Amino acid sequence: MKTKKTNAMRILEEKNINYTAHEYDSKGFMSGTEVAGKVGFANERVFKTLVTQGEKEYYVFILPSDAELSLKKAAKLAGEKNIHMINPNDLKKVTGYIKGGCSPVGMRKEYKTFIHDSALNQETILVSGGALGCQVEIEPKTLIENFDIQAEDIIQ
C-alpha cells in the first residue's frame, strides 16, 4: 500500500524530522484504542490529539489513546477558568483536520499545545498523520522540541 502524503508529513519532511508512516483500514472515526489495535502498538504509545476551547483561545492536548483528559488540569495549564472540548463540527474550521485525523502537526494556526509527560518514557510514539487511517511514529522529544509542545501531567 502506497502511503499518501499528508500535510503533516510534508511539514515533518521540510523540518528534516524522521518519522515512520503507519497506515490502517479506517471506515471513519475510530477511538484511540481501536487505532492502537489496528496499528499493533500498545495504547501508551499511540497518542490522540484533542482540541479544546477556553474563554479566549483554543488549546491542543496530546495524550495516550486509553487516557482521559483532565479538564481541570488542562484549564489550569492554559491559564483559563474553564476549558471544554471543541464542538466536533468546528474542528475542520479551527484546525484544518477532521475528527479522527487531527494531527498536532500542521494545524491552520499554532495553538498552545501540551503532551502527557508519559510520552517521554517512550522511545517513539504515534500521533495522527493528518488523515483517517494514517499515523506517524516519531520520537517524542523531537516532536516536543520542533513544535513548541509542553510535556505535563494532563490526564485524570
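This is a predicted model: local features need pLDDT of at least 70, side-chain atom pairs count only at pLDDT 80 or more; totals for chains, interfaces and linings use all residues.
Me: Which residues of the largest nonpolar core touch the most other members?

Reply: In soluble globular proteins, nonpolar side chains tend to be buried together. A nonpolar core here is a set of buried Ala, Val, Leu, Ile, Met, Phe, Trp, Tyr and Cys residues joined through side-chain atoms within 4.5 Å, where buried means under 20% relative accessible area, exposed means over 50%, and partly exposed lies in between (1.4 Å probe, protein chains only). The largest core has 30 residues, and those touching the most other members are Leu12, Ile115, Ile125, Leu143 and Phe147. Among the elements that each supply at least two residues of this core are helix H1 (7–14), strand E6 (125–131) and helix H5 (140–146); helices (H or I, at least four residues) and strands (E, at least two) are DSSP runs, numbered from the N terminus. The largest share, four residues, comes from H1. Apart from this core lies another, of 13 residues, including Leu63 and Phe114.

Me: Which residues does Phe147 touch?

Reply: Contact means heavy atoms within 4.5 Å. Leaving aside residues up to four places away in sequence, Phe147 touches Ile11, Leu12, Lys15, Ile17 and Val105.

Me: Where on H1 do its buried residues lie?

Reply: The buried residues of H1 are Ala8, Met9, Ile11 and Leu12. They lie on the same side of H1, because they cover an arc of only 160 degrees around the axis, the arc being that of the directions from the helix axis to the C-beta atoms. What covers these buried residues includes strand E1 (20–23), E6 and E7.

Me: How should I read the largest pocket, and which residues lie nearest its centre?

Reply: Rolling a probe the size of a water molecule over the atoms shows where empty space is left. On a 1 Å grid over the protein atoms alone, a pocket is an open set of points where a 1.4 Å probe fits, with protein on both sides within 12 Å along at least five of seven lines, and lining residues have an atom within 4 Å of a point. The largest pocket has a volume of about 520 Å³, a volume being the space filled by probe spheres set on the points, which are joined across faces, edges and corners. Its lining has 24 residues, of which Phe29, Thr49, Leu50, Lys99 and Gly100 lie nearest its centre. E2 gives the largest share of that lining, five residues.

Me: How much space lies in the second largest pocket?

Reply: About 300 Å³ lies in the second largest pocket. Of the 16 residues that line it, the closest to its centre are Pro104, Glu110, Tyr111, Thr113 and Phe147.

Me: What is phi of Asn16, and what is phi of Asp148?

Reply: Most residues other than glycine have a negative phi. Asn16, in the loop between H1 and E1, has a positive phi near 55 degrees, and Asn16 is exposed, with a relative accessible area of 69%. Asp148, in the loop between H5 and E8, has a positive phi near 50 degrees, and Asp148 is exposed too, at 65% relative accessible area.

Technical notes: Residues are numbered from 1 along each chain as its sequence is written. Side-chain values use heavy atoms; hydrogens and water are left out.
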